[in-house]
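The exercises that follow ask for a careful reading of one model, and each task is followed by a solution in steps. Please work through each task before turning to its solution.

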Amino acid sequence: MKKIYIAALLLLTAGCSKELTENPRGLVGGAAALSSQAGLESALTGAYGSLMVPWTSGFTSVSQIAMTMGGDDLTTHPGSNKEEFREFDRFNVTSLNSRMTPIWLGCYKTIQSTTNIINNYTQVQDGTEATIQTIVGEASFLRALSYYWLTRLWGEVPIIPSEIYSPDFLTLTKSKPADVYKLIEEDLARAEQWVPNKKRDPGRPNKGSVKALLADVYLTEAGWPLKDQSKYAMAAAKAKEVIDHKADYSFDLYQDGFLKIFAGGTVEDVFTLFTRGQWSTYNSFYGLSTMPENEGGWSDFFPELKFFNNFPAGSRKDATFSTEFVVSGDTISWQQTTTKHPYYKKFTIQQAGDKAVYMSNNPVIMIRYAHVLLIYAEAQARSAGTPNADAYTAVNAVRQRAGLPALAANMTGADFAAAVVNERAWGFAGERSRWFVLVRLDQVAAANAGKDPADLQPAGPITQAGYWMPIPGVDALVNPNL
């Protein structure tokens, strides 16, 4: 075992330079550790791994779902021991809410490792230029992805200048979202140049993955808080590059059963954190987290009733939700469960067939090809003021797979964009997407209005101040600038 210093923000530790004991795989620090191509690869392995430590660090726990419960597609148990989950759904999150820790910790640990690579790769003397550029490109993608999640969830966050611990970290100030997005764009520009068309393995990005993330970044920048509407055209253009070259990137809509997408490994995967293979980890939000107590589950999350009732009927709705459950040999309806809610079927799909697990080897799908199609359709309509034929083709491909009719012809740009936003809500129900869409469109309060009385109600008026989470408490205590 190797003791290392976590340089970024002290990462919710109790002291100013708390030592952590960890598995040393991939955890290398400083310029001396990056004197070879193998050192770069080791640091990159650590960067991926930090996003996939169940319960602790990254995106493999239910924390990522808890933090997006402010959307209208997710809620949690009104009783039981779900107080921290309910804070997100009711917009009264405290700085000591531990459900924030895995995302905060995982993103900043990945930023530490990737900054190590980006700052020091030029000293490497062995290896090939193409391989080194690929490593740096992947590192740039991961750093951009990490800052993207951080600024969308916390708004103003510190930018870490170095992978080497410095006392100056104790006085870091928060950077404005515009500055964070500038760094994200710079990282993705580098990644787009150096990441190849073909993924080195299924758990890594290719050039199409980079373009897809950049398109989503542009779309977000066009909305709140930056409101730079010039980014709509850029989002549409970048998403169209992915669509036009999907064969080069091996992307497409998966047509052989909607639920199979969530077992991973299909053509729909644009970027996926694979929790099997070389990473030797698992995700802990498939299975018991999204099952009712009646089946032995934990009821961590499930859909709000208004969202479920408004969801268009058809094959996609049937595949998205579980509405009947077998208890002691008898079948009960969702109205008969403890919470009196349906549940998300898509997060109980297991490769081994047993949904009653809490350690699933299903991957965490971060970006799907359907995202790209809907990013293009919305961004094109908003940028041009009216949808073109390609925008209709993109959204209708998603609707056709769902068993829905094509959108009406000759829609206004505003009506078309709104229809695409609805389609994104249905197509990515429960997948952490809805919250971010509502925030960028400044529609959080509207979406939470008129909730079913059986659902949790906001603790008070919803304002833009409630869009961002509080900085985790210990970090804010150690550094008053946070």
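**Exercise 1.** In which helix is Glu192 found?

*Solution.* Glu192 belongs to helix 6, which runs over residues 177–194; helices (H or I, at least four residues) and strands (E, at least two) are DSSP runs, numbered from the N terminus. The model is predicted, so that local features need pLDDT of at least 70 and side-chain atom pairs count only at pLDDT 80 or more, while totals for chains, interfaces and linings use all residues. Residues are numbered from 1 along each chain as its sequence is written, and side-chain values use heavy atoms, with hydrogens and water left out.

The next step concerns surroundings. Glu192 has a relative accessible area of 15% and is therefore buried, where buried means under 20% relative accessible area, exposed over 50% and partly exposed in between (1.4 Å probe, protein chains only). Not counting residues up to four places away in sequence, Glu192 touches Lys207, Val210, Lys211, Leu214, Lys238 and Glu241, a contact being heavy atoms within 4.5 Å.

**Exercise 2.** Is Tyr344 buried or exposed, and which residues is Tyr344 in contact with beyond its neighbours within four places in sequence?

*Solution.* Begin with the position: Tyr344 sits in strand 9, residues 343–344. Its relative accessible area is 0%, so Tyr344 is buried. Leaving aside neighbours within four places in sequence, Tyr344 is in contact with Asp73, Leu74, Thr290, Phe301, Phe302, Pro303, Phe307, Thr320, Phe321, Ser322, Ala429 and Gly430.

**Exercise 3.** What span should helix 13 have at 1.5 Å a residue, and which of its residues are buried?

*Solution.* The expected span of a helix is 1.5 Å times one less than its number of residues. Helix 13 (residues 389–401) has 13 residues and should therefore span 18 Å, which agrees with the 18 Å between its end C-alpha atoms. Its buried residues are Ala391, Tyr392, Ala394, Val395, Asn396, Val398, Arg399 and Arg401, and they pack against helix 11 (315–320), strand 10, helix 12 and helix 14 (413–427).

The ends complete the description. At the start of helix 13, a side-chain oxygen of Asn388 comes to within 3.1 Å of the backbone nitrogen of Asp390, whereas just after the helix Gly403 takes a positive phi of about 80°.

**Exercise 4.** How many of the 14 residues of helix 1 are buried, and what covers them?

*Solution.* Helix 1 (residues 37–50) reaches 20 Å from its first C-alpha to its last, close to the 20 Å expected at 1.5 Å a residue. Of its 14 residues, 11 are buried, and the helix is mostly covered. The cover of these buried residues includes strand 3 (52–53), strand 4 (57–58), helix 4 (101–120) and helix 5.

**Exercise 5.** What volume does the largest cavity have, and which element gives the largest share of its lining?

*Solution.* On a 1 Å grid over the protein atoms alone, a cavity is a set of points where a 1.4 Å probe fits but cannot get out, and lining residues have an atom within 4 Å of a point. Grid points are joined across faces, edges and corners, and a volume is the space filled by probe spheres set on the points.

By this rule there are five cavities of 30 Å³ or more, and the largest cavity has a volume of about 220 Å³. It is lined by 17 residues, of which Trp149, Arg152, Asp216, Met366 and His371 lie nearest its centre. Helix 5 supplies the largest share of this lining, four residues.

The second largest cavity has a volume of about 150 Å³. Of its 15 lining residues, Arg152, Tyr181, Thr220, Phe436 and Arg440 are the closest to its centre. Helix 15 gives the most to that lining, with five residues.

How values were computed. On a 1 Å grid over the protein atoms alone, a cavity is a set of points where a 1.4 Å probe fits but cannot get out, and a pocket is an open set with protein on both sides within 12 Å along at least five of seven lines; lining residues have an atom within 4 Å of a point. A polar contact is a pair of N or O atoms within 3.5 Å; within protein, one must be able to donate a hydrogen and the other to accept it, and residues adjacent in sequence count only if both atoms are side-chain atoms.
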